[in-house]
Amino acid sequence: MAFVTGSGSGLGRAVGNRLVSDGWKVVGFDLHDDGPWELSFQGDVRDANAVSAALDTVNERLSTPIGVALCAGVFQPMVGPLHQLDFETWEKTISVNLMGAVTVAGCCLQRMAKGALVFVGSAVGKHPQAGASAYGVSKAGVSALSRSIAIEYAGRGIRSNVVSPGWMDTPMAQAITGDDRRRKRVEDRIPLGHIAAPEEVASIIAFLLSDNAAQVTGQDLTVDGGEGLGSFTSSDDVRRMWGWAAK
Ligand SMILES: NC(=O)c1ccc[n+]([C@@H]2O[C@H](COP(=O)([O-])OP(=O)(O)OC[C@H]3O[C@@H](n4cnc5c(N)ncnc54)[C@H](O)[C@@H]3O)[C@@H](O)[C@H]2O)c1
């Protein structure tokens with residue numbers, strides 16, 4: 001059984017669907033989720049009582065989770081640079097993205113005897129993006145949290161990894177993905193030439209939860225179409241180069 005947070009939208013929904021098609025029983029947890037899962041819970045990842053109550057019900061009705069995908073998250077742009085002290089954005093972002101992950105992972109680890117966790121980081125946690133300092137810090141924190149868990153729980157046979165997407169076609173990135181001109185500018189920076197569909201990231205999370213990744217723990221895998229390679233070669237340049245090569 002897999003416990004998936006953020007299952008009501010975007011990546012979490014794609015992860016749930018992928019895990020179901022791989023033969024998992026999926027339990028969803030989200031502020032708003034009416035997903036087609038074995039069980040669905042509406043709750044806040046920051047609320048340890050709500051997460052614990054959901055996991056106790058899951059244990060009674062199904063089993064203890066052996067897979068946990070922590071996809072719930074928020075992104076809100078900062079009102080300005082750091083000296084403007086936008087504490088509201090800092091508090092919301094750190095509390096949902098980082099403390100929410102601490103809460104869900106902690107409640108699951110209280111119950112799990114074996115299995116795997118996959119956290120969702122972000123390329124922004126590795127390469128800073130202007131206007132997204134709180135978000136980047138929250139995701140870098142998630143990555144450090146996962147590595148700590150990997151060490152602390154290896155003796156129990158529990159693995160912990162992070163998948164860090166670049167741009168993904170979900171409601172969270174709508175401001176970019178829904179606007180043709182902005183989308184083109186972003187896609188031009190991605191060597192593989194397109195913003196990821198959530199399914200392209202979900203398949204990596206499913207792999208890391210599966211026994212095929214039995215020897216992988218403490219890793220943080222970027223899934224960004226090569227954007228973080230930092231090359232000044234645009235995706236158009238890449239296509240042109242292969243046009244030359246084909247001649
Ligand atoms: N979309 C991108 O470009 C992108 C890039 C890198 C990382 N991410 C990360 O991917 C993950 C999934 O995001 P998405 O793009 O699918 O966005 P999304 O907005 O489509 O989905 C996020 C889900 O998390 C849920 N959620 C938010 N706060 C919650 C809370 N306090 N408790 C419970 N559920 C809560 C929302 O209800 C929503 O269903 C997030 O962690 C996000 O930071 C997204």
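I started with terms: two strands pair if DSSP finds at least two bridges between them. Helices (H or I, at least four residues) and strands (E, at least two) are DSSP runs, numbered from the N terminus. This is a predicted model, where local features need pLDDT of at least 70, side-chain atom pairs count only at pLDDT 80 or more, and totals for chains, interfaces and linings use all residues. Residues are numbered from 1 along each chain as its sequence is written, and side-chain values use heavy atoms, with hydrogens and water left out.

**Entry 1: the sheet.** I found an open sheet of 7 strands with parallel pairing, in the order β3-β2-β1-β4-β5-β6-β7. At its edges sit β3 (39-42) and β7 (220-223), each pairing on one side only. On average, neighbouring strands are turned by 15° against each other, direction ignored. (Axes are lines fitted to C-alpha atoms, for helices over the stretch in contact, and angles run from 0 to 180 degrees between N-to-C directions.) I then picked β5 (residues 115-120) and β6 (residues 158-165), which pair in the parallel sense over 6 bridges. There, leucine 117 stands opposite serine 160 in β6.

**Entry 2: helices on the sheet.** I took contact as heavy atoms within 4.5 Å. Helix α3 (residues 87-109) lies across β1 (2-5), β4 (67-70), β5 and β6, and runs at about 170° to β4. Helix α7 (residues 198-209) lies across β4, β5, β6 and β7, at about 165° to β6.

**Entry 3: α2 against α3.** How do the axes of α2 and α3 cross? The axes of α2 (residues 48-61) and α3 come within 10 Å and cross at roughly 35°. In α2, Ala48, Val51, Ser52 and Leu55 meet Thr103, Val104, Cys107 and Cys108 of α3. I sorted the residues of this contact into 6 nonpolar, 2 polar and no charged. (Ala, Val, Leu, Ile, Met, Phe, Trp, Tyr, Cys and Pro count as nonpolar, Asp, Glu, Lys and Arg as charged, and the others, Gly among them, as polar.)

Entry 4: A cavity is a set of points on a 1 Å grid over the protein atoms alone where a 1.4 Å probe fits but cannot get out; lining residues have an atom within 4 Å of a point. The largest cavity is lined by 13 residues, and Leu70, Ala72, Val96, Asn97 and Ala101 lie nearest its centre. Elements giving two or more residues to this lining are α3, β5 and α4 (133-153). Helix α3 gives the most, with 5 residues. By class, I noted 9 nonpolar, 3 polar and 1 charged residues in the lining.

Conventions: On a 1 Å grid over the protein atoms alone, a cavity is a set of points where a 1.4 Å probe fits but cannot get out, and a pocket is an open set with protein on both sides within 12 Å along at least five of seven lines; lining residues have an atom within 4 Å of a point.
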